Amino acid sequence: MHPAPSVILFTALSGLGFGLLAWLGLGLPPVTGWVAFTFYFIGYALAVGGLLSSVLHLANPKNAIKAFSQWRSSWLSREGIMAILSLSVIAIHAIGTIFFATRLPAIGALGTGLALVTVFTTSMIYTQLKSVPRWNTPLTPILFQLWALGGGALLAGQFGAAAILLAILGIMQVLAWMQGDARGATGESTIETATGLGRIGKTRLLESPHTGQNYLLKEMAFTVGRKHALKLRVIALLCAVVLPVALIAIFPATHALALPVIALHLVGLLAARWLFFAEASHVVRLYYGK
Amino acid sequence: MTTLPTSTEKKLGLAIDLDTCVGCHACVVSCKEWNTSNYGTPLSDEDAYGAEPHGTFLNRVHSFEAQPETGCSQTIHFPKSCLHCDDAPCVTVCPTGASYKRTEDGIVLVNEDDCMGCGLCAWACPYGARELDQLSGVMKKCTLCIDRIYNENIPEEDRVPACVRSCPAGARHFGDFADPDSNVSKLVAERGGIDLMPEMGTKPVNKYLPPRPKDRPSEARLEETHSEPKGFLAWLDKALEAI
């Protein structure tokens with residue numbers, strides 16, 4: 001699938017933002033006043049920035065407001081609604097801690113729950129697609145939750161929890177890569193099932209329907225950069241999981257530690273999210289002999 | 001509303017005969033012509049006279065080669081457009097309500113006034129039946145020529161999809177799959193019509209009639225290159241050997 005920068009940034013940043021807000025909803029770290037303001041500002045900037053970035057990839061953004069209407073069937077619509085709902089509930093909790101030094105634990109916990117549901121709805125946009133076998137697995141929502149909670153824990157300064165969550169994340173990410181590789185690019189679909197010509201024999205594309213490019217090929221038959229996939233996987237794993245966990249284990253938990261750890265994690269996250277799109281393949285490629 | 005109807009009164013669609021299609025692309029051209037000037041925004045082209053022309057099409061003809069265990073391979077021209085699936089994943093993923101399946105006839109349509117061009121429906125479709133128009137920014141797909149089939153301002157014989165009307169080989173048949181006595185239902189029963197990628201669970205309405213098995217495969221074989229010469233050629237062969 002075409003790894004559009006806007007969608008990579010959207011899923012990565014909004015996931016981190018909602019992850020941080022989920023921790024803040026639980027009162028972790030227990031901050032008030034200006035310090036709380038800073039934490040919430042980062043959380044909202046990431047979550048809202050990510051959502052705005054997703055609007056950038058729309059071809060006809062003037063109808064974006066209508067995306068809140070189809071929650072009965074559409075995960076993308078549910079995501080929009082849950083994002084607004086969770087940001088609103090968490091805002092009440094934020095106002096309490098920033099301006100009144102008072103925590104509303106029930107509201108905070110509700111906000112945490114809603115933030116995690118928002119991340120789940122994001123993951124389901126991809127998970128639901130049978131046409132993209134690499135995404136169509138329960139591991140996708142699990143990974144999205146771990147990336148959000150693990151990265152959020154780093155941002156919230158919850159280094160102990162972060163180390164555990166990142167370790168689990170690393171294992172699940174490797175499992176997802178292995179599972180995806182084992183399933184193959186197009187899963188159980190083949191050029192024979194796509195054309196129904198398997199009953200005659202082995203089938204191949206003799207002539208493409210058009211000599212030039214088209215939307216489908218650009219959007220769904222992305223192959224550029226796959227040759228670096230293994231290197232990128234190593235970079236993603238090292239930066240997002242191994243190095244942060246090692247730094248947390250070696251050094252005392254301070255602000256000075258937070259900065260390099262978060263920067264490393266972000267690099268790893270972006271590499272992993274780039275791979276999430278670039279390595280995923282759509283079954284439509286079968287009709288193009290790819 | 002992007003929830004799918006539990007059932008539709010009619011199931012209008014196409015039966016495409018892979019035995020008959022000659023791969024002339026007339027359906028591709030007539031589809032583009034009709035649909036660029038009727039329902040919704042035009043089907044735009046980019047760099048149309050340049051080095052890398054590309055554009056939006058609702059119907060494309062692929063050509064495949066199938067190789068049986070023994071004998072010659074078979075060439076199959078394969079027109080592909082929206083299959084108007086009963087369980088259309090492109091409809092349910094739509095966040096704005098632009099994508100819908102009609103209860104009365106099962107046609108899957110895009111209401112362009114609601115489409116925000118997110119492209120998720122094109123991702124959801126396993127068949128590549130939807131293309132996002134790069135100029136108008138809205139999703140385009142086969143409408144089954146809804147503005148022809150119900151159009152009382154055109155002669156009755158023209159009230160079929162443009163691709164069906166233009167096919168010189170009679171490889172495309174339009175009808176109601178919900179009616180077991182319709183032309184298309186009979187064809188599917190007779191010829192063992194199939195679904196594309198049944199494993200995707202989309203329950204396509206459109207059916208493909210597979211190529212009939214070659215009834216005289218021996219005659220399709222290439223001439224033997226080294227056969228024993230007879231008559232004059234045999235004499236010539238001998239004479240040349242003797243030199």
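Modeller: What follows goes from the contact between the chains to the sheet they share, and then to the core. This is a predicted model, in which local features need pLDDT of at least 70 and side-chain atom pairs count only at pLDDT 80 or more, while totals for chains, interfaces and linings use all residues. Residues are numbered from 1 along each chain as its sequence is written, and chains are lettered from A and ligands numbered from 1 in the order in which they are written.

Contact here means that the C-beta atoms of two residues, placed from the backbone, lie within 7 Å. On that basis, 49 residues of chain A are in contact with 54 residues of chain B. On the chain A side, two or more residues each come from α3 (75-99), α7 (191-195), β1 (202-207) and α8 (215-220). The largest share, 6 residues, belongs to β1(A). By type, the chain A side holds 19 nonpolar, 21 polar and 9 charged residues; Ala, Val, Leu, Ile, Met, Phe, Trp, Tyr, Cys and Pro count as nonpolar, Asp, Glu, Lys and Arg as charged, and the others, Gly among them, as polar. Helices (H or I, at least four residues) and strands (E, at least two) are DSSP runs, numbered from the N terminus.

Now the sheet. Strands of a sheet pair through backbone hydrogen bonds, either parallel or antiparallel. Two strands are taken as paired if DSSP finds at least two bridges between them. The open sheet has 3 strands in the order β1(A)-β4(B)-β5(B), with antiparallel pairing. β1(A) and β5(B) (74-80) stand at the edges with a single partner strand each, so one side of each has no neighbour in the sheet. On average, neighbouring strands are turned by 35° against each other, direction ignored; the axes are lines fitted to C-alpha atoms, for helices over the stretch in contact, and angles run from 0 to 180 degrees between N-to-C directions.

H62(B) faces F78(B), and R60(B) has K80(B) as its bridge partner. These two strands form a hairpin with 6 residues between them, in which G71(B) takes a positive phi near 85°.

Last, the core. In soluble globular proteins, nonpolar side chains tend to be buried together. A nonpolar core is a set of buried Ala, Val, Leu, Ile, Met, Phe, Trp, Tyr and Cys residues joined through C-beta atoms within 7 Å. The largest one has 152 residues, and those with the most contacts inside it are L20(A), L21(A), A115(A), C90(B), C121(B) and A124(B). Its largest share, 12 residues, comes from helix α1(A) (residues 5-25). Of the 21 residues of α1(A), 18 are buried.

Key
A residue is buried if 20 or more other C-beta atoms lie within 10 Å of its own, exposed if 12 or fewer, and partly exposed in between; C-beta atoms are placed from the backbone.
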